Amino acid sequence: GLAIGFYLLSQAFNTLRWCTLLWAHGVNISFWQAFRITWSGIFASNFLPSTVGGDGLRMLAVYPYTQSKTVAVGSVALDRLINMAAMTCLVPLPLALFGVKLKTLLALALPFNPRALAEKYFPKVVAAVREWASRPQAFGWAFLVAWPSNLTAMFATYLLARQLGMEVTFIQVMAVQTVTYFLAVLPISVNGLGVREMSYTTLFVALGASLEQASALAVVTRFLIVLVTIPGVLWVSKVASNVVALDE
């Protein structure tokens with residue numbers, strides 16, 4: 001129950017991070033309205049490629065509030081970029097803990113072309129940054145909120161790991177989840193399914209956990225993460241109907 005509470009708190013901070021960008025642009029949307037959209041997007045991500053599959057739904061759902069495709073698309077793209085920037089700050093942790101083992105895992109798990117991804121998404125990111133260039137304070141607030149949004153989810157995983165008898169520290173859990181974050185965000189799976197479980201099992205075993213403990217943690221955390229997204233289904237149909245209305 002406590003872990004579920006922290007996972008929900010993480011989603012609340014995710015919403016607040018996005019709201020700082022929307023509010024800085026004068027978008028008239030409440031936290032609760034943005035939270036429902038975020039929740040719907042998270043639920044949709046369970047069935048879409050990568051962990052950012054629900055971002056497209058967020059872009060469409062927020063458009064009626066912005067009346068600007070540039071702001072709708074840019075706010076979501078920039079929100080994702082700022083969160084990745086915060087997670088990048090934690091990359092030294094797994095590099096220090098795993099070293100060569102981490103390089104081997106990445107070599108096996110990253111069958112993609114970084115250059116192709118950069119060419120596809122970089123122009124959108126640049127456009128989003130330019131749109132908010134005159135509002136630098138929004139970057140700072142969003143970056144600060146990105147930390148509790150990630151750390152609360154990591155702490156939930158730490159609680160579950162300790163209850164499974166795993167002798168791991170919070171720093172070690174942070175390192176593992178940093179790796180899994182960047183692996184899961186790649187468009188090589190549906191919501192990181194399989195990729196996340198493989199990396200969890202591999203890295204926690206490398207830290208001294210048994211195979212049973214590591215695989216159990218991967219399954220339990222996946223179950224709870226999906227469980228907290230279920231309320232999002234309450235608003236997916238409404239978001240979809242709004243999108244249809246816009247098309248018409």
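Predicted model: local features only at pLDDT ≥ 70, side-chain atom pairs only at ≥ 80, totals over all residues.
Residues are numbered from 1 along each chain as its sequence is written, and side-chain values rest on heavy atoms, with hydrogens and water left out.

The protein chain contains 12 helices and 0 strands, where helices (H or I, at least four residues) and strands (E, at least two) are DSSP runs numbered from the N terminus. Read from that terminus, the order of elements is α-α-α-α-α-α-α-α-α-α-α-α. Of the 248 residues in the protein chain, 46% are buried; here, buried denotes under 20% relative accessible area, exposed over 50%, and partly exposed the range in between, computed with a 1.4 Å probe on protein chains only. Among contacts (heavy atoms within 4.5 Å) in the protein chain that link residues at least 6 apart in sequence, 74% join residues at least 24 apart.

Helix α2 (residues 31–45) and helix α3 (residues 55–66) have axes that come within 9 Å and cross at roughly 160°, the axes being lines fitted to C-alpha atoms, for helices over the stretch in contact, and the angles running from 0 to 180 degrees between N-to-C directions. The helices α2 and α3 are therefore roughly antiparallel to each other, on a scale in which angles under 35 degrees count as roughly parallel, over 145 as roughly antiparallel, 65 to 115 as roughly perpendicular and the rest as oblique. The crossing of α2 and α3 is right-handed, a term applied if the near helix is turned clockwise from the far one by less than a right angle, with anticlockwise giving left-handed. On the α2 side, Q33, I37, T38, S40, G41 and A44 take part, and they meet L57, R58, A61, V62 and Y65 of α3. The residues of this contact comprise 6 nonpolar, 4 polar and 1 charged, with Ala, Val, Leu, Ile, Met, Phe, Trp, Tyr, Cys and Pro taken as nonpolar, Asp, Glu, Lys and Arg as charged, and the others, Gly among them, as polar.

Helix α10 (residues 195–206) packs with helix α11 (residues 211–229) at an angle of about 145°, their axes lying 8 Å apart, and the crossing of α10 with α11 is right-handed. In this pair, R196, E197, Y200, T201, F204 and V205 of α10 meet L211, A214, S215, L217, A218, T221, R222 and I225 of α11, and the residues of the contact divide into 8 nonpolar, 3 polar and 3 charged. R196 and Y200 are also, together with S199, touched by T180, when residues up to four places away in sequence are not counted. T180 lies in helix α9 (residues 170–184) and is buried, at a relative accessible area of 6%.

L2, in helix α1 (residues 2–24), is exposed at 57% relative accessibility; L2 and A156, although 154 residues apart in sequence, are 7.5 Å apart from C-alpha to C-alpha. Q67, in the loop between α3 and α4 (69–88), is likewise exposed, at 54% relative accessibility, and has a positive phi of about 55° although Q67 is not a glycine. Most residues other than glycine have a negative phi.

With a disulfide defined as a pair of cysteine sulfur atoms within 2.5 Å, the count comes to 0 disulfides. C19 is buried at 0% relative accessibility, whereas C89 is partly exposed, with a relative accessible area of 46%.
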